[in-house]
Amino acid sequence: SSNNKDDTSSVNKKNSSSKNSNIMPKEIYEAMPEVDITSRIEKLLNTASKSSEKWSVRKGALEAATNITSSAGRLSSSCDFAHAYEVIKNSFKDTTLWIRIASMNLTAAFACTGRHLFAHYAKRLLPDLFLLYKEKKNIHVTAVNACLDSICMCCISLEDICEMRVFKLCKTSGTNPFVIENTLYFLVRMIQAGPSLDAHLVKGLIEVSSFLSSNGKSPDVRKGATNIGAAIIEKLGKDNSIVQEMLSELQMSHKGLYDKLTKSKSDSNKRSSISKRTSTGSHAGGKRNLPGPGRTSLPPTEKQVKTA
């Protein structure tokens, strides 16, 4: 497996089960009867939006609405998506972590069961969703991951998400590095899981990769930027004409990134092995991401903030 797969393995493990269980194939989805759940979740959404209510009650209401939405299979156009959107948008801003997580789970459920009917609202939630990556708690990051993955796989194409939000977010100087780092993980996951990439999307992705590999504010951001290029090569194959053109342009415009993407896998593995032995002693590679005492010698280029 390639290095970028190793770097995102913890994220993929957390999300793979939810994606596999919740997202049904398009042909099965379209064969299902349409269901209007408005009357079943209206009171729950009203409860969830009451700021005077205990957070645990609001959380329970969001979870109950999520269960109803998920079990519907396929939502009808008569559903009141606007009401759900307003409740979700406000819940994203809640100071209680569990409310934010519950609202992201509800969003993912609407993305999976509403699909194109929910796309309009999903687009309006995207800016806030990516900024929720600021919260470093692992369970919160996992919820953002699952929510964004569901939207990308069911509602909005990766190209549209990149054009609407990701490219600008990654190139804005004031963006939180942890937001950028996790956005790059999202891109790698969707490159790996989604349909084939076209030349226009690859061009945009490589522009971001080149920019961040030079200007990223943390080693993890710079490493994540390189992983974008590696994921594209793995997805399309090194002999693909789009990849060949991409590498040809990088060789002239960004030699450093070009060298990282074209160095042989065996050389990379040797260097990685030597680095592990000299910096972490006998720590097994599979455990290098775990926090704990005695980890101060771990170099920042190998430390995965995501699993800390």
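Reader: Why is Ser241 called exposed?

Author: Ser241 has 57% relative accessibility, and exposed means over 50% relative accessible area, buried under 20% and partly exposed in between, with a 1.4 Å probe and protein chains only. Ser241 therefore counts as exposed. The model is a predicted one, in which local features need pLDDT of at least 70, side-chain atom pairs count only at pLDDT 80 or more, and totals for chains, interfaces and linings use all residues. Residues are numbered from 1 along each chain as its sequence is written, and side-chain values use heavy atoms, with hydrogens and water left out.

Reader: Where does Ser241 lie?

Author: Ser241 is in helix α14, residues 241-253. Helices are DSSP runs of H or I with at least four residues, strands are runs of E with at least two, and both are numbered from the N terminus. The C-alpha atom of Ser241 is separated by 9.2 Å from that of Ala199, 42 residues apart along the chain.

Reader: What makes Ser210 buried?

Author: Ser210 is in helix α12, residues 199-215. Its relative accessibility is 14%, so Ser210 counts as buried. Leaving out residues up to four places away in sequence, Ser210 touches Leu250, His254 and Leu257, where contact means heavy atoms within 4.5 Å.

Reader: Why is Arg115 called buried?

Author: Arg115 has a relative accessibility of 8%, and therefore counts as buried. Arg115 is in the loop between α7 (97-114) and α8. Although not a glycine, Arg115 has a positive phi of about 50°.

Reader: Why are α8 and α10 called roughly parallel?

Author: Helix α8 (residues 119-131) and helix α10 (residues 158-171) pack at an angle of about 25°, with axes 10 Å apart. Axes are lines fitted to C-alpha atoms, for helices over the stretch in contact, and angles between N-to-C directions run from 0 to 180 degrees. Angles under 35 degrees count as roughly parallel, over 145 as roughly antiparallel, 65 to 115 as roughly perpendicular and the rest as oblique. The two helices, α8 and α10, are therefore roughly parallel to each other.

Reader: Which residues make the contact of α8 with α10?

Author: From α8 come Lys123, Leu126, Pro127, Phe130 and Leu131, and from α10 Ile161, Met164, Arg165, Val166 and Leu169.

Reader: How many helices and strands does the chain have?

Author: There are 16 helices and zero strands. Of the 308 residues in the chain, 47% are buried.
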